[in-house]
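Please read the following points with the sequence and the model open side by side.

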Amino acid sequence: MTAPFFERLADRIERVDSVVSVGLDADRSRLPDHLAEKDLPRWAFNRRIIDATHEHAACYKPNAAFYEDADGWRSLRETIAYAHGKDVPVLLDAKRADIGNTTRQYAQLLDEVDAITVNPYMGRDSLQPFLDRERKGVFVLCRTSNPGGADLQDLELDSGEAVYERVAALADLWNEHGNVGLVVGATAPDELESIREQVPNLPFLVPGIGAQGGDAEAAVAHGLAELAERDTSVDGTSSGVGVGLVNSSRGIIFAGEDQGEAFAKAAGNAARRLKRRLNQYRNGDA
């Protein structure tokens, strides 16, 4: 039987010594010209990116928005299979949720991938089919990296807590199977710290590093969590691996946007640099 997602992620992080999530946002308008003649240019692009970055990637995070057409879904399926062939888990950034049978259909996406992002705005019943997938990861949007996130997420409730704080508390309650994490942006380091204090055991997906200029040190300091009851060492003690993901999309995959056929090598170098940068904070060397 397949191990739960966060256990597999912890093993991957330990094996490659990296918490880097590579966002595969294959924007067709930014793909190298020489790939345009390919049958599936987005798949051709992603394959080369994966070849160049998999040694430094704890996870790949394709965003569904870049694949929502017939050729796009074909490209995404090929991408997922290829990443799995490299033994790298795939987190689909889909931000799904709905009610009734609709959300049950959305949850079937987890047949293809290892984890997914979901939107908590419609409440627990809209997420239950995802939460019930015990061995799949479910990252709940909490405090996002975009400037407009404050429009709703920072609003104060009658209880005195902010909306994002209530979301974190609810996600902690929903974590009955140990498969829930939070999306908390690196562009809001103070909130990142406060949420970590509130929910010490939930792994975070931290976007906003790279093109959005997020705080890498805060992402590492507060984004990683020790998994409860994780015994993987020979003597039965905890491995001590901090579990979480720090994502960069454009900063990696388009690092060589102006370099023609050398684009993949540039992406690999960017992934390596980010891994080293994050590991300085993970290891206390910065």
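**Notes on the predicted model**

1. Strand 1 (residues 20-24) is mostly covered, since five of its five residues are buried. Here buried means under 20% relative accessible area, exposed means over 50%, and partly exposed lies in between (1.4 Å probe, protein chains only). Helices (H or I, at least four residues) and strands (E, at least two) are DSSP runs, numbered from the N terminus. This is a predicted model, in which local features need pLDDT of at least 70 and side-chain atom pairs count only at pLDDT 80 or more, while totals for chains, interfaces and linings use all residues. Residues are numbered from 1 along each chain as its sequence is written, and side-chain values use heavy atoms, with hydrogens and water left out.

2. Both faces of strand 1 are covered: V20, V22 and L24 are buried on one side, and S21 and G23 on the other. Two strands pair if DSSP finds at least two bridges between them. Strand 1 runs parallel to strand 10, joined to it by three bridges, and V20 stands opposite V246 of strand 10. Strand 1 also pairs in the parallel sense with strand 2 (residues 59-62), over four bridges; there S21 stands opposite C59. From strand 1 the chain crosses through helix 2 (residues 41-53) to strand 2, and this β-α-β crossover is right-handed (with the strands pointing away from the viewer, the path from the first strand over the helix to the second runs clockwise).

3. Strand 5 is likewise mostly covered, with seven of its seven residues buried. Strand 4 (residues 115-118) pairs with strand 5 in the parallel sense over four bridges, and A115 stands opposite G137. The chain passes from strand 4 through helix 5 to strand 5 in a right-handed β-α-β crossover. Strand 5 runs parallel to strand 6 as well, with five bridges joining them; L141 stands opposite V183 of strand 6.

4. Where does N119 lie? N119 is in the loop between strand 4 and helix 5, and it is partly exposed, with a relative accessible area of 30%. N119 and A97 are 22 residues apart in sequence and 5.7 Å apart in space, C-alpha to C-alpha. Contact means heavy atoms within 4.5 Å. Not counting residues up to four places away in sequence, N119 touches K95, R96, A97, S126, L127 and L141.

5. In helix 7, the buried residues are Y164, V167, A168, A171 and W174. Seen down the axis of helix 7, these buried residues fall within an arc of 125 degrees, so they line one face of the helix; the arc is that of the directions from the helix axis to the C-beta atoms. An α-helix has 3.6 residues a turn, so residues three or four places apart point the same way. The buried residues of helix 7 pack against several elements, including strand 5 (137-143), strand 6 (180-184) and helix 8 (189-198).

6. Helix 9 (residues 216-223) has six of its eight residues buried, so it is largely enclosed by the rest of the structure. Those buried are A216, A218, A219, V220, H222 and G223.

7. How many disulfides are there? The count comes to zero disulfides, a disulfide being a pair of cysteine sulfur atoms within 2.5 Å. The sulfur of C59 is 19 Å from the closest cysteine sulfur, that of C142, which is too far for a bond. C59 counts as buried because its relative accessibility is 0%, and C142 counts as buried at 3%.
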